[in-house]
Amino acid sequence: MNLYLQQRIFLAYNMLDILNRCKYSNNMMQTLKIQPKMKKSFLIIIAALFSVIPAFSQNDNVGKTVGPVEIRDKDNNPVMLPKLGEKHLLIFYVDPDKPNQNKEFREHLEKNHIQSDNIYGFGIVNLKDAPMLPNGIVRNMAAKKAAENNAEIFFDPTHAVKTAWNLGDCNNKFIIMFVTKDKKIEFFRWGNYSEQDIADFYEVIDKYR
């Protein structure tokens, strides 16, 4: 959580504490009489505070240091996220609800694999954000697609990666992350990619290739 958000939550809690003290104070009748007006005023201020809190940005993830996290392999066995701290990681974290997001770019990458001994690439299917799709069917289809493209695939049925790395809202998003050998997120993009996003992606790849 960034400092800006922490400060406003702290201030909001302080205001709620003041309201609580006013509500239960037995010292002065006047306090009790003005309490409804005070409460209304404080609630308006609190609403205003939270209305100006900026939304979580994907750029907030760049520079983070990440740690080990347990995911699932194609046979639904628990495994630790591979090669963390051993190689630079190119991770595709995808919501199967949005199979056509960045389709052209994905197909390009499937045909033109990133070739480097320094970079280990794999996909993680975000099953948690696709509750209407049967996990078994998604797992079988994704594993088949990965085998056709000589790729490695894993699965996240519990938001393990999102939660452990505090990535924000990953629902309905195709995400590419690049995690360096020192476990820092160097690149993070979600949603529909612009030409600049793709250019930035290859700039990072060339840097660590």
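**Aromatic rings and nearby charges**

Student: How many aromatic pairs are there?
Tutor: This is a predicted model, and the count comes to 11 aromatic pairs.

Student: Take Tyr-120 and Phe-122: why is that pair called tilted?
Tutor: The ring centres of Tyr-120 and Phe-122 are 5.5 Å apart and the planes stand at 50°, and because planes under 30 degrees apart count as stacked and those over 60 as edge-to-face, the pair falls into the remaining class, tilted.

Student: And are those two buried or exposed?
Tutor: Tyr-120 has a relative accessible area of 17% and is therefore buried, and Phe-122, at 3% relative accessibility, counts as buried too.

Student: What about Phe-201 and Tyr-202?
Tutor: Phe-201 and Tyr-202 make an edge-to-face pair, with 5.0 Å from centre to centre and 75° between the planes. Phe-201 is buried at 3% relative accessibility, whereas Tyr-202, with a relative accessible area of 24%, is partly exposed.

Student: Which cluster do Phe-201 and Tyr-202 belong to?
Tutor: Ring pairs link Phe-201 and Tyr-202 into a cluster together with Phe-92, Phe-105, Phe-174, Phe-187 and Tyr-193.

Student: Changing topic, which charged end sits over the ring of Tyr-120?
Tutor: That is the charged end of Lys-83, which lies 5.9 Å from the centre of the Tyr-120 ring.

Student: And where does the charged end of Lys-173 sit?
Tutor: The charged end of Lys-173 sits over the ring of Trp-190, at 5.0 Å from the ring centre.

Note on methods. Residues are numbered from 1 along each chain as its sequence is written. This is a predicted model: local features need pLDDT of at least 70, side-chain atom pairs count only at pLDDT 80 or more; totals for chains, interfaces and linings use all residues. Side-chain values use heavy atoms; hydrogens and water are left out. Rings of Phe, Tyr and Trp (its six-membered ring) pair if their centres lie within 6.5 Å; planes under 30 degrees apart count as stacked, over 60 as edge-to-face and the rest as tilted. Buried means under 20% relative accessible area, exposed over 50%, partly exposed in between (1.4 Å probe, protein chains only). A charge sits over a ring if NZ of Lys or CZ of Arg is within 6 Å of the ring centre and within 35 degrees of the ring normal.
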